Amino acid sequence: MRRRHFIALGTATAVAGCSGSFGGEQRGRLDLTVRNDRADAVTVQLEVVDDEGLNYAFEETQIDAGVSEAFAVTVGADGRHEATVSGDDWRGQVAWSVDSCREFRGTVRVTEEVVAVSSECAQR
């Protein structure tokens, strides 16, 4: 089972292709998947910020065992951005620069023993 979230805080979001467009300004985008491979449900907090501390997303959700949740977050037009996904006893992070990667994809997989994080630039 997979659920998808589109997150925009404080502004209207228009999606143009792979990145948001605000008044002609190309924005960056994060597509993040969180997979719970634990035996029980986990409560997950997602926070996405830029290097100046501007918060683009903050969400808390519960993910059932064996389920993935996908999040799409439109971020600023330039600079470094960081996404942190955490639970009661674990944490995973991805970071990228919109200057060199307009659309960024990440996956955080949570098991009983480990938190595995992978990421890639999807569009320069």
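## Contacts along the chain

Let's start with who touches whom: among contacts (heavy atoms within 4.5 Å) with a separation of 6 or more in this chain, 56% are between residues 24 or more positions apart. This is a predicted model, where local features need pLDDT of at least 70, side-chain atom pairs count only at pLDDT 80 or more, and totals for chains, interfaces and linings use all residues. Residues are numbered from 1 along each chain as its sequence is written, and side-chain values use heavy atoms, with hydrogens and water left out.

## Strands and surface

The chain has 12 strands and zero helices. Both are DSSP runs numbered from the N terminus: helices are H or I with at least four residues, strands are E with at least two.

Of the 124 residues, 44% count as buried. Buried means under 20% relative accessible area, exposed means over 50%, and partly exposed is in between (1.4 Å probe, protein chains only). The accessible surface of the chain is about 6500 Å², and carbon and sulfur atoms own 43% of that. Such areas come from the Shrake-Rupley method with a 1.4 Å probe; for residues, only the protein chains shown count as cover.

## The nonpolar core

In soluble globular proteins, nonpolar side chains tend to be buried together. A nonpolar core is a set of buried Ala, Val, Leu, Ile, Met, Phe, Trp, Tyr and Cys residues joined through side-chain atoms within 4.5 Å. Here the largest one has 24 residues, and L30, V48 and V85 touch the most other members. Elements giving two or more residues to this core include β5 (28–36), β6 (42–50) and β9 (80–86). The largest share, four residues, comes from β6.

Now zoom in on L30: skipping neighbours within four places in sequence, L30 is in contact with V48, F71, A72, V73, A83, W96 and F104.

## A stacked pair of rings

The structure holds one aromatic pair. The ring centres of W96 and F104 are 4.9 Å apart and their planes sit at 0°, so the pair is stacked. Rings of Phe, Tyr and Trp (its six-membered ring) pair if their centres lie within 6.5 Å; planes under 30 degrees apart count as stacked, over 60 as edge-to-face, and the rest as tilted. Both W96 and F104 are buried.

## A buried loop residue

T111 lies in the loop between β11 (103–110) and β12 (115–123). Its relative accessibility is 9%, so T111 counts as buried. Leaving out neighbours within four places in sequence, T111 is in contact with D37 and R38.
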